[in-house]
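Biologist: I've got the model open and I'd like a close look at one part of it. Could you pick a spot and walk me through what pairs with it and what packs around it?

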Amino acid sequence: MQPQKIFLTGASSGIGQALARAYAQQGALLGIVGRREDALRAFADSLPNPAAVRIYAADVRDADAMQAAAADFLAHVGCPDVVIANAGISVGTAAGEREDLDVFRAVMDTNWFGTLTTFQPFLDTMRARAPGAGGWRGTLVGIASVAGVRGLPGGGAYSASKSAVIKLLESLRVELLHDRIRVVTIAPGYIRTPMTAHNPYKMPFLMDADVFARKAIGKIAGGARFTVIPWQMGVVAAVLHVLPRGLYDALFRRAPRKPRQPGGA
């Protein structure tokens, strides 16, 4: 059996590293993207087969840089079986603060636009390849968030961006169905990563990143359309989704907020 070819973003830390590590342990050929080349190289050297890893120091907000990374991967590795748009930033914001406008834009450009810049360079090649297992030509995976189900106080930028990711992936799932390209949406709950390390509030059902990665890879292989990990947060998300607006407002008006970091994206 040929090793899987995996291209993923946000591999400098957290969920991205956990996913890359889990795929590397399965013998996959990897293309990993992150903004910090030194962190990517150190991480690649820690994997079972560093020679099977191609490193791309790029910002997903830069469409040209992502196009170049994809072109290199296609030339040296081939068409990926799975492309994972994972790069993301989360920061508390205040709509009334002028200096936070740039933060709002950076969060949206990274989390939402970065999903598109990750997928787009591979679509033509995926469409042209012969179907594989199950008749699929490839799989696109977007890492969304439970935070995208309802708008969280103080999390306007993050919630809006992840809600947009969910809708983008839903559109692509239907749009690409006739091309036999599968689209998978994974919405993490609270995962133990540097992104959540400084949250000053209780995080229910907190899960280690390596455990999340194993479960996510299983869902990707199984062709899930939309899944929440851990499953307990899926129940929470389902309830929040149907909660009447008045009740939601009353319950969350005093909810703890992610700390604001002025100019911090």
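Modeller: Let's start at F7, whose bridge partner is G31 in strand 2. This is a predicted model, in which local features need pLDDT of at least 70 and side-chain atom pairs count only at pLDDT 80 or more, while totals for chains, interfaces and linings use all residues. Residues are numbered from 1 along each chain as its sequence is written, and side-chain values use heavy atoms, with hydrogens and water left out.

Overall, strand 1 (residues 5-9) and strand 2 (residues 29-34) run parallel to each other, with 5 bridges between them. Two strands count as paired if DSSP finds at least two bridges between them; strands are DSSP runs of E with at least two residues, helices are runs of H or I with at least four, and both are numbered from the N terminus.

(Axes are lines fitted to C-alpha atoms, for helices over the stretch in contact, and angles run from 0 to 180 degrees between N-to-C directions; contact means heavy atoms within 4.5 Å.)

Back to strand 2: 5 of its 6 residues are buried, so the rest of the structure largely encloses it. Buried means under 20% relative accessible area and exposed over 50%, with partly exposed in between (1.4 Å probe, protein chains only). Take I32: leaving out residues up to four places away in sequence, its contacts are L8, A11, A20, L40, F43, V53, R54, I55 and Y56.

L40 and F43 bring us to helix 2 (residues 37-45), where A39, L40, F43 and A44 are buried. Those four cover an arc of only 130 degrees around the axis, which puts them on the same side of helix 2; the arc is taken from the directions between the helix axis and the C-beta atoms. The buried residues of helix 2 pack against helix 1 (14-25), strand 2 and strand 3. Turned away from that buried side are the exposed D38, A42 and D45.

S12 sits in the loop between strand 1 and helix 1, and counts as buried at 12% relative accessibility. Its contacts, apart from neighbours within four places in sequence, are Q17, G34, R35, R36, A39 and L40.

And the hydrophobic packing? The largest nonpolar core has 33 residues, of which Y23, L30, I32, I84 and I186 touch the most other members. Such a core is a set of buried Ala, Val, Leu, Ile, Met, Phe, Trp, Tyr and Cys residues joined through side-chain atoms within 4.5 Å. Among the elements supplying at least two residues each are strand 1, strand 2, helix 2 and helix 6, but helix 1 gives the most, with 7. A separate second core, of 28 residues, includes A69, M126, L140 and V165.
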